[in-house]
Amino acid sequence: MAADWTTISSLATAGGTLVLAVATFSSVKSANRSARVAERSLQVGLRPVLIPSRVDDPTERIRFGDGQALVVPGHGAAVEERDGVIYLAVSVRNGGSGLGVINGWRARPREQGAPGPPNLDEFRRQQLDLYVPAGDPGQWMGAMRDPHEAGYGELRTAIAAGEPIQIDLLYGDHEGGQPTIARFMISPWPPAEDDEPLPEGKRAVVVRYWNVDGGVAG
């Protein structure tokens, strides 16, 4: 039987095309993977991470627009009600490698159990974005002035009873990306060793992070 060179040629061409297509697909897939790795590395280089400030960081006097002020020690916070207004402040530090921008917050009594991330609709926008440089200390401040707003009554009751409260801070990088929620728990300082005097205000610790774009971050 004579060979059908036309058919053989067509099959060879098809086979070569298939091999080229597979090679091209693998190359594109590899390039996409490399691009994702490079993008991830860039994001890590810009990522801020809000943590409590250090105990040896200086005590800050944080002044509000109405002239009221709170004294906040390193690794600490302050929560006070004055004439029906709830003033809150936390001493923070940026443990990440990128500039951090705090642009929203939410304050509530401590939730029991293992709650999920708070609803973004419950966050209050900062009147001014608060910037925390990489590796440096900073501060957050907020006030609740309307007794009818969500959370005011519960928070006021918790403060009066000396119970812990939680403050959720919504922050990201300087380009508005990598939105993250850090939950700070505010509670009385534990007893000091050797009867040393306790710092002013309360202690602040981070208990959870949520990556807004991708669920729980830590």
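This is a predicted model: local features need pLDDT of at least 70, side-chain atom pairs count only at pLDDT 80 or more; totals for chains, interfaces and linings use all residues.
Trainee: Which residues is Trp 189 in contact with, leaving aside its neighbours within four places in sequence?
Mentor: One group runs through Pro 73, Gly 74, His 75 and Gly 76. Lys 202 is on the list too, and its C-alpha atom is 5.6 Å from that of Trp 189 although they are 13 residues apart along the chain.

Trainee: Which backbone oxygen lies 3.4 Å from a polar atom of the side chain of Trp 189?
Mentor: There's a pair to mention here. The Trp 189 side chain reaches the backbone oxygen of Gly 201 at 3.4 Å. The other one, also at 3.4 Å, is the backbone oxygen of Lys 202.

Trainee: Okay, on to strand S10. Whose backbone oxygen lies 3.1 Å from a polar atom of the side chain of Thr 180?
Mentor: Thr 180 is in strand S10, and at 6% relative accessibility it counts as buried. Its contacts beyond the neighbours within four places include Arg 47, Tyr 171 and Trp 210. The oxygen at 3.1 Å belongs to Gln 178.

Trainee: Why is strand S9 largely enclosed by the rest of the structure?
Mentor: In a regular strand, side chains alternate between the two faces of the sheet. On one side of S9, Ile 165, Ile 167, Leu 169 and Tyr 171 are buried, and on the other Gln 166, Asp 168, Leu 170 and Gly 172 are buried too. S9 is largely enclosed because of its buried residues: 8 of the 8.

Trainee: What is the bridge partner of Ile 165 in S10?
Mentor: S9 pairs with S6 in the antiparallel sense over 8 bridges, with Ala 107 opposite Ile 167. S9 and S10 pair in the antiparallel sense too, over 7 bridges. In S10, the partner of Ile 165 is Ile 186.

Trainee: Last one: which strand gives the largest share of the lining of the largest pocket?
Mentor: That pocket holds about 360 Å³ of space. Among its 14 lining residues, Phe 64, Gln 127, Met 141, Gly 142 and Ala 143 are the closest to the centre. S7 and S8 are the elements that give two or more residues to the lining. The largest share, 6 residues, comes from S7.

Note on methods. Residues are numbered from 1 along each chain as its sequence is written. Side-chain values use heavy atoms; hydrogens and water are left out. On a 1 Å grid over the protein atoms alone, a cavity is a set of points where a 1.4 Å probe fits but cannot get out, and a pocket is an open set with protein on both sides within 12 Å along at least five of seven lines; lining residues have an atom within 4 Å of a point. Grid points are joined across faces, edges and corners, and a volume is the space filled by probe spheres set on the points. Helices (H or I, at least four residues) and strands (E, at least two) are DSSP runs, numbered from the N terminus. Contact means heavy atoms within 4.5 Å. A polar contact is a pair of N or O atoms within 3.5 Å; within protein, one must be able to donate a hydrogen and the other to accept it, and residues adjacent in sequence count only if both atoms are side-chain atoms. Buried means under 20% relative accessible area, exposed over 50%, partly exposed in between (1.4 Å probe, protein chains only). Two strands pair if DSSP finds at least two bridges between them.
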